[in-house]
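Here is a friendly walk through one protein model. Have the sequence and the 3D view open as you read.

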Amino acid sequence: QITTLINHKDKPKRSDKTLQAIQRVGQAVNLAVGRFVTVGEAIANENHELKEEMSIACIEARRAGETIAQLTDVASLDHPESDSHITIFTDKTGVVKAARLLLSSVTKVLVLADRIVIKQIITSRNKVLATMEQLEKVSSFQEFVQIFSQFGNEMVEFAHLTGDRQNDLKDEKKKARMAASRAVLEKCTMMLLTASKTCLRHPDCESARINKDGVFHRMRLALEQVIEIVTDSRPNGENEMAPISIYSGIKEFKNKVEGLRENLYFLSKENLSTMLEVILEHTEDFTDSAYTSHEHREHILELSKQAKMELEQLVSVWMQAQNQKTKDLMEDLEVAILKTCQCMNELKREVHSAATSLAADLLKYHTDHMVLKALKITGVEGNLEAVAEYTCKLSEQKEQLVEMCRLLRHVSGTEPLEITCIHAEDTFQVTGPQIISAAETLALHPSSKIAKENLEVFCEAWESQLSDMSLLLREINDVFEGRRGEKRVYLSLPRPGKHNANLKALKPVKLDTEEQAKIAKLGLELHLLTSDVDSETEKWEDQENEIVQHGQGMSSMAYSMYLFTRGEGLLKTTQDLFHQAEIFATEGTKLASALHALSDQVHDDDKPLLLLEAEKLISMCKQLQITAKASAQGKSATFTKVDACILKTRNVMTLLCQLLPLCCKLLRKNKAGNGCLKPAPPWKEDRIRTGTNAHAPERRLDTFGIKSLENHVTNMTFLESK
């Protein structure tokens, strides 16, 4: 709105329509500022330490908004240039000053509000830490129950605050790290309960104490990492130095090599050689690994040798081209660049194949959880020798899985997936010894129900991480094959001249900056809905289910439409968007057919509701198709059509968010025990989503089971009697 005012053209003739439009914009700005400032003032009243600064910023913002409204009060004037009334036409500088003051003061309010949020999270963390210290020192079960109830309530508050913060983070790397830390806290809260109860029941048991200490230590590290992310700081001023992966190293190396086409002098040959050396050093993680096959090892070594030779040839031609830019030399340089990049692509393909084939084999081999089952049985029998034998096997399994995570990190393809691999590695590294100490405790006290329950909890965490690894492997393969980057995008997109033969006369149109700003809120709502739909579809174990596949396809298309509202993604023009909307509507109609098929399987009581929702979906998809196919001539009409398509897509996605859990419920009801869906872990029952969990790589870690934690805390009163 402000940009519109500042950029308006000074024309000698000003129609009534123009004057009214300017006044409406000014009033809209003033009203928006008023609403914004009201929230700022409410925050100020609740936070006395920043009240003065916040109040000043709010006053400045309100004053600037009122100034803009006064300067744009032109609609009722016959002669806007009249000396009696200063307006935007007589004092455009005044509008510019007011706009600058407004933006400055609004920024101050936002920064101060952000400081308050950070303080709230730190205060909440400190409460949790203080209560954890009390829990560590507690000696009676009754006292433990009381303090744990308080601890649970504090964790619920911390979960809400950090969940909101995670959704606000723009940096995908930070978002993934926050998700990983919150996932640790989620799982460790239950571990802390059973480990502490076991320690209280068996106070002289060393393995029980080790088990409990491990949980407390891990929770403290996770809490510390959350604060590091929130405050954007590291302890003792350290910089975070994440190890470089082979993928990112190859990507940067190729960019530098291809940059020689534009500029022969922008880097030195030593720079390029060093970059290749670093990449080849990392390939030693594969060639030195006991779990890499002989064939993969030989291929990686051959390609490493070839890469050195190709770089030597490239440097030779490059140095000659710097001295003499002949046509032949430039052609030789182009050939050398292509051969070097091709060799690096082959190396990338080989390490990806080595890592993913190892992961697939290991996950398949360990899918039966035989070692965990054996530990539970031998623990209950009190067979210490057998427990010792199986703990050795679990340690071997842990080393295999840790190595798998390290190799997968090299080929993960995106930073969020790299962080997910690091989180998985840490989880296996820590959970393995904790299972061993829990099994030893049970073997020493085979009749202890609480020791048995404690071992179950740690084994479930291990099994859950193995299950997550299967999803992670699939996402890594998707990125490698181009099916997914930051998030899935729909691949059947229109291409000029391919799908649009009947639209040759239409000029492709993009949204300008102003139009993008107008539609941003609608686009953001669509983005949030795609995350909700993705969360629902991921609950299904059978990813080949027709309902799931249609839901995922629609979410993917809706996400690409959201990217269009930001001027990003594969949809480049409004015509691309309209074509995408048509395909989206068609996919929705197919989903409705799948719902009709499902209605034949459900009980008579449930059938009417499902059919009603299916009919709603068909109707909404038809409306969207009509809108997408309608002709629109001119800039204004085209934008109106874009707005309508996004709005109708949002409405369909809202309905989809309701349909997916309904189908889950009906299938659970009708196919209990058939393994159609994942059994919902107790922690995540009826969880509250606090917004978007944005991008695919970290979605599995993104939800903190707030609702079930609240239920768990409520039920703590029954623990003492047990």
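## The overall picture

Residues 24 or more positions apart account for 77% of the protein's contacts with a separation of 6 or more. What you are looking at is a predicted model. It contains 21 helices and zero strands. Of its 722 residues, 49% count as buried. The protein exposes about 35,400 Å², and carbon and sulfur atoms supply 51% of that area.

The average pLDDT of the protein is 82, and 82% of the residues score at least 70. Where pLDDT is low, the predicted coordinates should not be read in detail.

Helix 8 covers residues 246-259. At 1.5 Å a residue, its 14 residues should span 20 Å, and because the end C-alpha atoms are 20 Å apart, the model agrees with that expectation.

Which residues of helix 8 are buried? They are Ile246, Tyr247, Gly249, Ile250, Phe253, Lys254, Val257 and Gly259. Notice that a lysine, Lys254, is on that list. As for their surroundings, the buried residues of helix 8 pack against helix 9 (269-287), helix 10 (294-323), helix 11 (327-365), helix 13 (384-410) and helix 15 (449-480).

The buried residues here are Leu610, Glu613, Ala614, Leu617, Ile618, Cys621, Leu624, Thr627 and Ala628. Residues three or four places apart in an α-helix point the same way, because there are 3.6 residues a turn. What do the buried residues of helix 19 pack against? Their partners are helix 18 (574-599) and helix 20 (635-670).

## Salt bridges across the chain

A search of the whole structure finds 23 salt bridges. In one of them, the side chains of Arg62 and Glu41 meet at 3.2 Å, N to O. This pair links distant parts of the chain, with Arg62 in helix 3 (residues 51-71) and Glu41 in helix 2 (residues 16-46), 21 residues apart. Arg62 is partly exposed, with a relative accessible area of 29%. Glu41 also counts as partly exposed, at 30%.

Another salt bridge joins the side chains of Lys119 and Glu49, at 3.0 Å from N to O. Lys119 lies in helix 4 (residues 92-137) and Glu49 in the loop between helix 2 and helix 3, so the pair ties together parts that are 70 residues apart in sequence. Lys119 is partly exposed, with a relative accessible area of 43%, and Glu49 is partly exposed at 46%.

Where do Glu389 and Lys393 lie? Both are in helix 13, four residues apart, about one turn of the helix. Glu389 forms a salt bridge with Lys393, and their closest N and O atoms are 3.9 Å apart. The cut-off for a salt bridge is 4 Å, so this pair still counts. Glu389 is partly exposed, with a relative accessible area of 42%, and Lys393 is partly exposed at 37%. Elsewhere, salt bridges that share partners join Glu206, Arg209 and Asp213 into one network.

## Two spots to look up

Start with Ala183, which lies in helix 6 (residues 172-201). Is Ala183 buried or exposed? Its relative accessible area is 7%, under the 20% cut-off, so Ala183 is buried. The C-alpha atoms of Ala183 and Ala222 are separated by 9.0 Å, although the two residues are 39 residues apart along the chain.

Then turn to His369, in the loop between helix 11 and helix 12 (370-381). Most residues other than glycine have a negative phi. The phi of His369, however, is near 55°, a positive value in a residue other than glycine.

Conventions:
Residues are numbered from 1 along each chain as its sequence is written. This is a predicted model: local features need pLDDT of at least 70, side-chain atom pairs count only at pLDDT 80 or more; totals for chains, interfaces and linings use all residues. Side-chain values use heavy atoms; hydrogens and water are left out. Buried means under 20% relative accessible area, exposed over 50%, partly exposed in between (1.4 Å probe, protein chains only). Helices (H or I, at least four residues) and strands (E, at least two) are DSSP runs, numbered from the N terminus. Contact means heavy atoms within 4.5 Å. The expected span of a helix is 1.5 Å times one less than its number of residues. pLDDT is the predictor's confidence in each residue, from 0 to 100. Accessible areas come from the Shrake-Rupley method with a 1.4 Å probe; for residues, only the protein chains shown count as cover.
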